[in-house]
Amino acid sequence: MNKIEEGIKPIVKKYKEEVGALIPALQEIQEKYKYIPKESIEILSKEFHIPVPRINGVITFYAQFRTEPVGKHIIRVCHGTACFVNNGDSIMDTVKEILNIEVGETTEDRYYTLEQVACLGCCSLAPVIMIDDRVYGKLDSTKVKNVLKKFKEVEND
Amino acid sequence: MTNIKRVKIGMASCGLAAGAQVVFDNLKEDLADSNIVVERTGCIGMCFREPLVEIEYNDGHSIIYGDIDGKKSKFLSQKIKNNEIAEELVVYIPGDEKYENDHYHKKQIKIVLRNSGIINPESIVEYIEKNGYKGIKKSFEKGKDWVIEEILKSGLRGRGGAGFPTGLKWKFAGGSKSDMKYIICNADEGDPGAFMDRSVLEGDPHSVLEGMTIAGYAIGANQGYIYVRAEYPLAIIRLEKAIAQAKEEEFLGENILNSGFSFDISLKKGAGAFVCGEETALMRSIEGNRGMPTLKPPFPANSGLWKKPTNINNVETFANVPWIIVNGGDKYASIGTEKSKGTKVFALTGKIKNSGTVEVPMGITLREVIFDVGGGIINDKKFKAVQIGGPSGGCLPASLLDTPVDYDSLNNTGAIMGSGGMVVMDEDSCMVDVAKFFLDFVVEESCGKCTFCRIGNRRMYEILDRITKGKGEMKDLDELEALAYQVKNGSLCGLGQTAPNPVLTSLKYFRDEYIAHIKNKKCPAGVCKALIEFRIDPDKCTGCTLCARNCPVDAISGEVKKTHIIDQSICIKCGKCYTACRFDAVIKE
Ligand SMILES: Cc1cc2nc3c(=O)[nH]c(=O)nc-3n(C[C@H](O)[C@H](O)[C@H](O)COP(=O)(O)O)c2cc1C
Ligand code: FES
């Protein structure tokens, strides 16, 4: 058995008998690998008796699923209405400038992947970004620079 | 000796993002050797003053402190130990006349948010102390028909956007015959700029579970699902905990409280698709498929999840239910207007002073919500528009501020009540740009099933894009309108049917702004980059070089202490010089 087959075995087992469990299974796979490895799709297809194209259809439908490996940390810049009205675009521009990547890309050192989300539900603190599971609010260009700098420093401590 | 019972820190997502964890850790550490309990609570709505700390005294009164950071929390713990009040940090004292009489508190009525920010959301005991799970007991005593009758009497209408009478929906689902029925709680909260449901889920998860269980009992369903968006990790954790506790206490599971009625609730995490907030798409998603809306009829009440009768309601709708059952439908119906009863929670955001969640009686005017409860516009700038209803709603101008907040009055303006997002804009927002923003969102989120929604919205986006770039023509406006009605009529689900609303309302109320873009090639709000120019006022420039140092493309030249100049051929109009200048010498026009 190869590594991915081994890795997703408990997930397959957990959901195999459940109807409509494709999405939670994909979510758990992504939680584990941060993306959906191609091999895992083939395994799911065999075990769940769902054709590969249908699984791919589901994966491409939902914004959450990624099929490419990502960096160590994920930065999500909010593009919701409140953030938009509070100059969120400039936050996105600043993050892109600092990391030198576009939305959906990963930095060369594979430290950050940049994503855009529709709203993080912290609109009172707009504009906001989220790094992994943590939200940073009331940002401006200077503050976002500091957040990124500090984040790396703290981790490298 | 202290007469303080406990210290509570608001730890919903907003609080955490504002730094509540440090405050919690500090207070916990500093008060470890006292007998004061340090606890977390949900959002009390005053997001603009987060992080918030509430001190609860043995005699029942309490004081709420705001804007607490790491340093202030140290100061506060010293005050607590000395049994003193930190006057300078007080933001609210419940029951105190001085605070209760201010409009922020006086004009609110808390039913949905009755417990949020008051109880520890991770404690079922505290929920029970606040009449929690009494609604279930009372429902069992009185019977299903009574429950449905009471909800009908309350006049409660769906809070997810469409405003369908909840009692009627339950009646239909209850009347369907089937071996299996389902209850679904719609916690997808897709409106980008709204977070009412998140506040409820994080601050009072049991009220939603109880509402769902009552609904299950009323219609004869034994299984419930909560479809919650994946961007709400904390809400998911709190719900998981709440479900486990409710099972433990036998408010969920087999034969609840010996009533013979069994009900279970499972969580389903969304996967990032706005259209899945639409009820039929949501059910396809729970079934494990692409979340494509399907034609109605059949209605969910007859054939929903896995083709079984299903009743789907919004988070806020469910959170109202236990209160109605305990206090009576009549009492709920005594609040609000003739056709819109009860209260509505709004998420106030944008350029508003008191941003956060508020709960107001139906029938209150937009002006009261924005200026009295919301405190008006940041920096006392001029109000320009309020966006309500998100991508399905519209932008309303100052002349409509006296519109009462009820389903019908709002529909008449061309906007909708929606789920409760209220984004306030000042003169710095360009209405054409805002309309474009929503269309961009809709184009991205259209599932692609209906041609008009898929292509029509894109065409509209392209026209708006042209206008914001100064390449629009007057006939574009007619075409926009024509397309808007075609998209509305040619789409199967609510997404397409309402997607043109932001464009139509802005055309109706802010047509001058479109015309300025087209005829004068000017963006009055100074937002659309192609139509603005940055210049330096020689009379104000001190030659400090700050602008030049901030310019990412070296478009600014000038010697120290001499007037600087922007080279228009290089300038990318990022506005960095404009923000950087300390002497207001950079002019945007
Ligand atoms: C595109 C679209 C998105 C929607 N998103 C949501 C949502 O995020 N939350 C919600 O409760 N209802 C949403 N709705 C409304 C639901 O379809 C449905 O009317 C609602 O969940 C019913 O509950 P209620 O009667 O309690 O309002 C959406 C509708 C459409 C057309
Ligand atoms: S709009 Fe950015 S968090 Fe809601």
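**Entry 1: ground rules**

I noted that this is a predicted model in which local features need pLDDT of at least 70 and side-chain atom pairs count only at pLDDT 80 or more, while totals for chains, interfaces and linings use all residues. Residues are numbered from 1 along each chain as its sequence is written, chains are lettered from A and ligands numbered from 1 in the order in which they are written, and side-chain values use heavy atoms, with hydrogens and water left out.

**Entry 2: chain A overall**

I looked up the secondary structure of chain A and found seven helices and four strands, where helices (H or I, at least four residues) and strands (E, at least two) are DSSP runs numbered from the N terminus. Read from the N terminus, the order of elements is α-α-α-α-β-α-α-β-β-β-α. The C-alpha atoms of chain A fill a box of roughly 50 × 35 × 20 Å along the principal axes. Of its 157 residues, 54% count as buried, with buried meaning under 20% relative accessible area, exposed over 50% and partly exposed in between (1.4 Å probe, protein chains only).

For contacts in chain A with a separation of 6 or more, I recorded that 61% join residues 24 or more positions apart, a contact being heavy atoms within 4.5 Å.

The domain assignment, whose bounds are automatic or come from a database, divides chain A into domain 1 (3-61) and domain 2 (73-156). Taken over C-alpha atoms, the centres of these two domains of chain A are separated by 30 Å.

**Entry 3: chain B overall**

In chain B I found 25 helices and 18 strands. The radius of gyration of chain B is 26 Å, close to the 25 Å that the globule rule gives for 589 residues, so chain B is as compact as a globular protein of that length; the radius is taken over C-alpha atoms, and the rule is 2.2 Å times the number of residues to the power 0.38. Along its principal axes the C-alpha trace of chain B spans about 85 × 65 × 40 Å.

I also noted that 61% of the 589 residues of chain B count as buried, and that residues 24 or more positions apart account for 70% of its contacts with a separation of 6 or more. The accessible surface of chain B comes to about 22900 Å², with 49% belonging to carbon and sulfur atoms.

The assignment for chain B lists domain 1 (4-99), domain 2 (124-332), domain 3 (343-426), domain 4 (431-520) and domain 5 (533-588). The contact between domain 1 and domain 3 of chain B takes five residues from each of them, and their centres, taken over C-alpha atoms, are separated by 30 Å.

**Entry 4: covered places in chain B**

I then checked helix α10 (residues 196-203) of chain B, which is mostly covered, with eight of its eight residues buried. Among them are the charged-type residues Asp197(B), Arg198(B) and Glu202(B), and also Met196(B), Val200(B) and Leu201(B).

Val487(B) lies in helix α20 (residues 474-489) of chain B and counts as buried at 0% relative accessibility. Leaving aside neighbours within four places in sequence, I found Val487(B) in contact with Phe452(B), Cys453(B), Gly456(B), Asn457(B), Met460(B), Gly496(B) and Pro500(B).

**Entry 5: backbone exceptions**

Most residues other than glycine have a negative phi, and most peptide bonds are trans.

In chain A, the peptide bond from Ala126(A) to Pro127(A) is cis, with omega near -5°, and Pro127(A) is in the loop between β2 (112-117) and β3 (129-131). In chain B, a cis bond with omega of about -5° joins Lys296(B) and Pro297(B), and Pro297(B) lies in the loop between α13 (279-286) and β9 (310-314).

Asn100(A), in the loop between α6 (88-99) and β2 of chain A, has a positive phi near 60° and counts as exposed at 69% relative accessibility. Asn379(B), in the loop between α16 (366-373) and β12 (383-388) of chain B, also has a positive phi near 60°, and its relative accessible area of 65% makes it exposed.

Definitions and conventions:
Accessible areas come from the Shrake-Rupley method with a 1.4 Å probe; for residues, only the protein chains shown count as cover.
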